[in-house]
Amino acid sequence: MARVEFDDVSKVFADGTRAVDRLDLQITDGEFMVLVGPSGCGKTTALRMVAGLEDISDGVVRIGERVVNDLTPKRRDIAMVFQSYALYPHLSVRDNIAFPLKIAKVSKDEIGRRVAEAARILDLEPYLKRKPRALSGGQRQRVAMGRAIVRQPAVFLMDEPLSNLDAKLRVQMRADIKKIQSKLGVTSIYVTHDQVEAMTMGDRVAVMRKGELQQVAPPQELYDRPVNLFVAGFIGSPAMNMLEARVERAGGGVAVVLGDARLELSDHPWLAPYDGQPVVLGIRPEDMEDAAIAGDDGSPRLRGRVELREALGADVLVHFAVAARSAVTEDVRELAEDVGDDRLRSEDAGTATLVGRFSPRTRVLEGDNVEVSVDRNALHFFDPQTGLAIRGS
Amino acid sequence: MRIRMVGLGVRLTILAAFAIFFIAPVLWLVLAPTKSDHALITSNPFAFGDFHNVALAWKHLDAFSSHIFRRWVGNTLFYAVSATAITLVAGVPAGYGLAIGRFPGRKLVLSLTLVVMIVPGAALVLPIFLELNAVHLIGSSLSVILPFSFFPFGVYLAYLYYATALPPSLLDAARVDGCGELQTFLRVALPLAKPIVALVFFFSFVADWNNFFLPYVVLADSNQYPITVGLWDLLSSTPSFNPAVGGGGQSVKIFKPELALATLIAVVPVAIVFLFSQRALVRGLVGGAVKE
């Protein structure tokens, strides 16, 4: 077991691409750290630098107390699970799992014992004699896990290990990996582009973008208190709604004006310095409710026309257009492209489509006018210039 | 329906004509040792003679120059196996290095490999002769084995395989699992390259087995000849091909059936190597390694 530390680490490829830019990150002993971000954000490169599969251009990577910059992978006491599984096709499942132990010249008895233990944990006992090509995707993935855990390494590295599995198996393996990691207590770094995996698995989640670390925090904190527009948009599904708004002083408090709507906010004195200035208002889908269900609780209201209703059973996603403008900053545009969100493209000037997660009791239908109650305590504000969050304490 | 039948008939006729064109000489060759020299000319070309004639042809062939034919077959095996072994030991790792290594001059070496591949072997015989002469190897076995073992096509085949068919993540996995570069090659890259090893073995062996010009130039002693040069020696000792040695009470009893038998025997090892190599070639070893 060991902690892992990135100390001002950069990676510049031969063609000049800066894949990782001055990364500072400490992963504590036994922690499950998830690196998440869109394609090309540098998360896999960062992981490969810990593995020793990628040279470090600048900075220091430590595993435990050791600086490992110049150590070969075999001397780093790590194990890695690859996106493609990377099983040795000419070896049986048993030999695949035993491979790192044989290389380390562990005694035959010990190899037998450890392989049997790994096979038991991963439910692979019936398949030990098979070759990888005779296994299903999920079984191959488990063999790859077995090869990693059998070594009892100081650090597990996992590079999108679930991305080749179907959705159902992915959910199951997600839980299995988390359970195994908790049981073994091995420091783990897990790379994924899937924010659901990141949120469900990580003790902490590090969000990366264009080689830079955006925020590192426990999943709930990341969700509740994103430091910038990028993190706010990346974490959460459906994504946070983002609107252009303007702050105005109103009586003893402030109001946020978006289009023809005006949200009175009495508990947001820290917005007062932004009087008269544009801000980006972020509203999570679940922080909105059909006003007919919410009742008259004094919450601010938005009015719009329902464009689409998606009943999910436990709740209903309602897409509705309001007379306001979507905030289209570079961050938002990039996020929309990355997740294939076409809300930005389909908009007329002057209207924005929001997504609300309503109670299944809502009766709104497509084409209806709807009044939406907004939880004023759950609103997010961002500076449109810097993209940074604006909040009190 | 009628048009389709006519089309089929035309296709079959064309195919049959080509098949006969190529099969006829092979069939003639296979049948030739079963006939006497005279019957070979006078009887039906595709008639079977007698096994007795085969035994007689072998007796004459084996008696030629005190069993020198056996020596030629042995020499060829020795040259081809030695050179192919060196080719495999040097060529497969070289291809691997060119495919996964990143070092200065890599592209130059690759280009040179390609260039040398397309230069006809005969064009290099004179410079090789001069080189071997300079290092006093002319006339030795090494004068054949060393040039034979220079097989850029094998390097290029291995390079192509490792650059295109071997998933890089397998090599990364081996490194993370504790292998150094040599172990990564020996334990992962090499076992996965069985089809390519078989292919390089086959092409190299056949090229070495069939090479005539180089040994003809660098070997002076007929005891050192490989079978290709030996066949030429036999031809020049056959009265029907070289009247200068014909008739006149000579003890050389090499006629057309003996030559045909010698040719057939010369082909057998290549056919065996092909059969064994082919089995390994068709196996897709990389299946299941990584998610397809």
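**View 1. How much of chain A is buried.** Of the 393 residues in chain A, 45% count as buried (20 or more other C-beta atoms lie within 10 Å of the residue's own, with C-beta atoms placed from the backbone). This is a predicted model, where local features need pLDDT of at least 70 and side-chain atom pairs count only at pLDDT 80 or more, while totals for chains, interfaces and linings use all residues. Residues are numbered from 1 along each chain as its sequence is written, and chains are lettered from A and ligands numbered from 1 in the order in which they are written.

**View 2. Into the largest nonpolar core.** This core has 170 residues (buried Ala, Val, Leu, Ile, Met, Phe, Trp, Tyr and Cys joined through C-beta atoms within 7 Å). Leu35(A), Leu157(A), Ile189(A), Leu281(A) and Ala158(B) touch the most other members. H4(B) supplies the largest share, 9 residues (helices are DSSP runs of H or I, at least four residues, numbered from the N terminus).

**View 3. Around Leu281(A).** Leaving aside residues up to four places away in sequence, Leu281(A) touches Leu243(A), Ala245(A), Val256(A), Leu258(A), Leu379(A) and Phe381(A) (contact puts backbone-placed C-beta atoms within 7 Å).

**View 4. Where H4(B) meets H7(B).** Helix H4 (residues 68-100) and helix H7 (residues 142-149) of chain B pack at about 40°, axes 8 Å apart (axes are lines fitted to C-alpha atoms over the stretch in contact, and angles run from 0 to 180 degrees between N-to-C directions). Tyr79(B), Ser82(B), Ala83(B), Ile86(B) and Thr87(B) in H4(B) meet Val144(B), Ile145(B), Phe148(B) and Ser149(B) in H7(B).

Key
Helices (H or I, at least four residues) and strands (E, at least two) are DSSP runs, numbered from the N terminus. Two residues are in contact if their C-beta atoms, placed from the backbone, lie within 7 Å. A residue is buried if 20 or more other C-beta atoms lie within 10 Å of its own, exposed if 12 or fewer, and partly exposed in between; C-beta atoms are placed from the backbone.
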